[in-house]
Amino acid sequence: MTLEQIKNILPSLENVEFQLENGKFVPEHFHVTEIGMVTKNFIDCGGTMRKEERVNFQLWNADDFEHRLKPGKLLHIINLSEEKLGIGNFEIEVEYQDTTIGKYDLDFNGKNFILKNKVTACLAQEACGIPQEKQKINLSELKNNQDSCCTPNSGCC
């Protein structure tokens with residue numbers, strides 16, 4: 001989800017609720033303690049220079065059980081971060097501490113913002129020896145094909 005997408009969704013909501021993919025909710029008394037622009041310059045294992053830019057939201061739970069972040073307040077914080085930091089319309093990454101600090105992609109299911117688990121990946125699989133995924137073959141089809149192609153002098157063996 002991009003910054004513009006969340007800005008378009010917020011005015012239609014009564015409450016801001018974040019939910020993990022496993023169904024667990026971020027406690028409703030969370031705070032958005034930071035909104036920022038994160039730039040990651042790096043080189044992958046294949047030697048390619050790369051750059052990623054994301055808008056970062058940090059969620060935090062305090063012992064402030066009466067706190068409820070309303071959509072208008074979050075929209076105000078977003079607008080202020082755009083104005084003061086020059087943040088553009090990039091994908092949002094959310095930092096949230098459950099058992100450890102995690103980074104999540106953000107989605108919306110029509111009611112709640114969903115913190116989607118991120119995964120690591122090799123960006124240069126061809127350069128670092130990661131085998132290509134093997135083609136899956138249906139054994140019953142293989143048996144039928146053997147009758148027609150695997151004859152003497154057919155070239156299949």
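The legends below describe close-up views of a predicted model.

In this predicted model, local features need pLDDT of at least 70 and side-chain atom pairs count only at pLDDT 80 or more, while totals for chains, interfaces and linings use all residues. Residues are numbered from 1 along each chain as its sequence is written, and side-chain values use heavy atoms, with hydrogens and water left out.

**View 1. The hairpin of strands E4 and E5.** Strand E4 (residues 92-97) runs antiparallel to strand E5 (residues 101-108), and five bridges join them; strands are DSSP runs of E with at least two residues, numbered from the N terminus, and two of them pair if DSSP finds at least two bridges between them. Glu95 has Lys103 in E5 as its bridge partner, and three residues lie between the two strands of the hairpin.

**View 2. The hairpin of strands E5 and E6.** E5 also pairs with strand E6 (residues 113-117), in the antiparallel sense and over five bridges, with Asp105 opposite Lys116 in E6. Four residues separate the strands of this hairpin, and Gly110 in the turn has a positive phi of about 100°.

**View 3. Cys45 and Cys122.** Cys45 is exposed, with a relative accessible area of 53%, whereas Cys122 is partly exposed at 26% relative accessibility; buried means under 20% relative accessible area, exposed over 50% and partly exposed in between, with a 1.4 Å probe and protein chains only. The structure holds zero disulfides, a disulfide being a pair of cysteine sulfur atoms within 2.5 Å.
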